[in-house]
Amino acid sequence: MQITLSVNGESHALDIDPRTTLLDALRDHLDLTGSKKGCDHGQCGACTVHVNGRRINSCLALAVMHEGDEVTTIEGLGEPGNLSPLQAAFVRHDGFQCGYCTPGQIMSAKSMLEEFGNGWPSNVTDDLTAAPDFSDAEIKERMSGNLCRCSAYPGICRAIRDAAPDEGMHKTEAAE
Amino acid sequence: MTEHLKMDEVQPRLLDETTQGAIHRPMPRPEGPLKVSGRATYAAEWKMDNAANGVLVRAAIPKGHYKVDASSVEAMPGFLGVYTDRMPRNAAQGTMNTNPAQIGDEIQYLGQPIAVAVAETFEQARDIAAALKIDYDRDDDVAAGPDTAQQVNEKDDPFDQGDLDRAMADAAHSVDATYTTKGHNSAAMEPHAALAVWDGDKLTVRASLQMLGYNRNELADSLGIDAENLRLLSPYIGGGFGSKLGISPEAIAASVAAKELGRPVRVVMTRNNVFETVVRRTETRQRLRLALDADGKLTGIGQENWQSNLPEEPFAEPVDLATHFLYAGANRRYGQHIAIVNRSAAGSVRAPGEAVGMLALENAMDELAEAAGIDPIDLRVANIPETHPENGKPFSSRSLAECLRQGAEAFGWSARQAPGARREGEWLIGMGVASAARTNILQESKARVTLNPDGTALVETDMTDIGTGTYAILGQIAAEMLGLPPEKVTVELGDTDLPKASGSGGSWGAASAGSAVFLGAKGIRRRLAERLGCTPEDLRLQDGVATGGNNRRPLAELMDAPLSEIGHLETGAKSNDVHQAGYGAHFAEVAVNTVTGEVRVRRMLAAMAAGRILNEQTARSQVWGGQIWGIGTALTEGLDHDPRTGHIVNNDLAEYHVPVNLDVPDLDVIFVEERDDDANPIQAKGIGELGLSGAGAAITNAIYNACGVRVRDYPATPDRIFSHL
Amino acid sequence: MYDFEFERPRSIADAVKALKTEEAIAFSGGQTLMPTMKQRLAMPSKVVSLTAIEEMRGVRQDGSGIWIGGATTHATVARETKDSYPALSSLAARIGDPAVRARGTIGGSVANNDPSACYPAGVLASRGVIVTDRREIPADDFFEGMFMTALEEGEIVTAVKVEVPETAHYAKFIQPASRFPLTAVFVAKYGDGVRVAVTGASESGVFRWTEAEDALSGDWSADAVDGLSAPDGSDMISDLHGTGDYRAHLVKVMTKRAVAAC
């Protein structure tokens, strides 16, 4: 199938097998290998990207479903020498070891800060009507869709907390 | 030139004399910016025009023979080929250095790789692999697990001594208990992957591997080619934990298919494939016996274990590894029983031996302390042996008592109460402790260090960084020795064209490869001293300036061309004459819900002594990893096998539960200051596995202290706790 | 995954037409269907995406109840029902993880009827009605057992309607590590009775615990649950994450917690 995918602000025309997941389209067709394939079944979060500003598991999406959507990957956040605040904080706090889950962790963390700003609740939010606390339990719950077998979770939490002010944890309106 | 050292003698503590300040301190990983921006290239991600894609086909029966009917899929879109040649039954075991078992058309477990289907695209190959017709000749005589195995290999331990039965009978207090642990999967986040390219007789394979020197020989042997013609590249590895120690089916399959097709072939394992085919940690049953006299001294220790593996597979989980040397006691007995089963190969998973052996030993020590009415820390400290209790060898640096005491102080151990005494609503709170120990091993290693006149340096070795921090610490060692800021040092790893190091495994990488870098830099220091006109002992290097013998010169004035030295470390008498291990103590506080049996780990602390700590930040991350694996081992992780076929049924990350962020509280780590002079010239010991040794036992001991339930069957899922409440 | 055609219709009518092809399947958020297709457990000839159908999206008041379009994501339901039906909002806000909530839909969830899914409990307890392209089916008749529903071939869940109770709460015991509900209970109190719907526990999928409904309809208190014996553990799922007896015990514990939280 012929489709056009918009990734990190650039438009790409692709001739693609309809079975191709968004993740495989990024990795194999656009050479954007920053999004990782850890399980291919939506269980690990390594493939997390943003679609229209919301985090999704790109292994559970077909590329053909995302024509017209704006996709953001880790490559779109920053690069060596010009890292985003979250990326820099992950380096500073050793929020990773092998690095394989890291792009997904960072994409997830970026969305999570926005979800906080918008007052979205989580599994550990007691009062759904009040703005959620920026507590460790809230951060950890909201990051629990991203597995890290090296187990850098303490560093991940510290990095997120450190970068939150610079990432602008504020209310935004993203399209569904 | 080569700076060579055979570790026969204690070496001077040169890294305590140097003044650059590049070592010890926390330093972020130099490769970090590449990893956080998605620019670090893992095995499957190398851009290779014209690469075909292969998907492994795996046996759907547990035992028998098979024949592949390639004609059944030849007409499918994108079909390039189906290959069965040289397919290994499973990966090579760590440091095997030869081919893994290649058993032709025979099947010995469900999930065994039997062919690779290759097509133009991944989607096509996946479809072809699923549609391929396979004729099976099924053998129904299946040993699905240890209970139904007909063959059990027994091993008596040469270190058995005294009369344990007698010691148990005479003991003032004793424990005789049986513990079980389920199997474990490494579950590294990056699935195994390989990309093979032939150029005439020369083969290059980009793969995800821990020990390139060994892996090169293993792959060459598997393919029947000369190792000289094979180059392996693994600069970035998405976690290993033992699962990438030996050459694995995807690398062999990719190489075979690439040769046949005359074009590059990429083979990436699926997650199911990783669970079903990659080495598992065996399930264990362990009988622990401890005998204590009226003075609180151990008189006997016994640890007998039952485990399983495939036929002829050269590996046994060394369950009693730490038990041999951790505690005193004159009467000792061990035993190992390996059931031969139709399950995937058992092999090394992080801290083979201690990861499960220390659960049983340290739980039994807790039970003994309870029985004798002695504080668990006091019991342990009182039974630290003076020399190795079985062979009388002296110990190298050993701060077990300091770890227990400093850890207890920092954790607030004195606030611990009797089981059931501390309640918060539905929750009962408790504390637990366990010792940690991990044998320290040194392996031959080489590294090339090059100092440039512009004040930059290059470190080159085939050593790998599997997330352990190798890039950081090798650069720090070179920077410290050469008197350069660490950012001036570039580290190149993961290429068999570079000098051969130990590889990553057995927690020996940092000390072994680190010593090779140390030696290479030491050779450069020697040459700089000559040029400056001073002795190497008088030379001081800092921030690109050399000082010594009343001379002070910038490096650029001492050299007009790069200076290059190969550091070559060999193990020596110290490995045999002195017993070396890292030690530590784990503390845990848990809450147990009396209504649901749910366990929440509230906090953990690890006090670790592992010689010189090369980088406090990456070392701490390694210990965090160990503590969290301890949480998984204690509470959530366990492979379940189909009782009819032996097949691993929880073969993905949804059903095999590794800890997630919310399962982990903030964790404390203390490093107890130590130098191990007997270990190596940099006085450092391994820490990656030490952090796991005993960690889970501290949690289950805390569960007992909270609610009075003794966990003897792992993992302690809520239903298992609840049924005893 | 087999090769398939792909269509993304803009209206329910076009979707129904597209689904008339042999072996065509409706595809919503894909959070369940994608893994199923990769494992070749579903082998469609055609995949019909429902995500571009405007008339199947959104949340609105519907008399005394709430109408939720079948292709509405969990995240949207969580946000849009926060004031009108907090217990349902809470349920939606806690399904899986945020990445799943951004894609997964209520229609997909009820049509799949996973025995551990959250929505079937919420819909069943809330006197829900499943609206399809051809009829309306009361939730009591819709959920027929583990992964089984009253849906016919090619029938699409276009919307779900629920009645808003006086008070309600969803109590979920989440599996450590996987975050799936090991057992969860949705309790809804209406003027003329109480509904208690249980997910994650039974071999037959979501079910109403009628003994608890009777007891709570007479005496609306957590204590009323104490007097009940837990449902029969032999009918409950027994697997590596928990025994049947343990799940039966959790049904009672979660019911009590839900009532106490109302």
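Two residues are in contact if their C-beta atoms, placed from the backbone, lie within 7 Å. This is a predicted model, in which local features need pLDDT of at least 70, side-chain atom pairs count only at pLDDT 80 or more, and totals for chains, interfaces and linings use all residues. Residues are numbered from 1 along each chain as its sequence is written, while chains are lettered from A and ligands numbered from 1 in the order in which they are written.

Q: What makes Gly96(C) a contact partner, and of which residues, once its neighbours within four places in sequence are left aside?
A: By the 7 Å limit between C-beta atoms, Gly96(C) is in contact with Arg101(C), Gly104(C) and Arg179(C). Arg179(C) is 83 residues away along the chain, yet 6.5 Å separate the two C-alpha atoms.

Q: Why is Gly96(C) called buried?
A: A residue is buried if 20 or more other C-beta atoms lie within 10 Å of its own, exposed if 12 or fewer, and partly exposed in between, with C-beta atoms placed from the backbone. Gly96(C) has 21 such neighbours, so it counts as buried.

Q: Where in chain C does Gly96(C) lie?
A: Gly96(C) is in the loop between helix 4 (86-93) and helix 5 (98-103) of chain C. Helices (H or I, at least four residues) and strands (E, at least two) are DSSP runs, numbered from the N terminus.

Q: How do you know whether Ala511(B) is buried or exposed?
A: Its count of C-beta neighbours inside 10 Å is 33, and therefore Ala511(B) is buried. Ala511(B) belongs to helix 12 (residues 509-532) of chain B.

Q: Which residues does Ala511(B) touch, not counting those up to four places away in sequence?
A: Among them are Leu442(B), Ala679(B) and Lys685(B). Leu442(B) is 69 residues apart from Ala511(B) in sequence and 7.0 Å apart in space, C-alpha to C-alpha.

Q: What are the domains of chain A?
A: They are domain 1 (2-76) and domain 2 (85-167), with bounds from an automatic or database domain assignment. Their centres, taken over C-alpha atoms, are 22 Å apart.

Q: How many residues of each domain of chain A are in contact with the other?
A: Domain 1 of chain A brings 14 residues and domain 2 of chain A eleven. On the domain 1 side, the largest share, three residues, comes from strand 3 of chain A.

Q: How many residues of chain C and of chain B form the contact?
A: Chain C gives 16 residues and chain B gives 20 residues. Helix 11 (residues 244-261) of chain C gives the most to the chain C side, with four residues.
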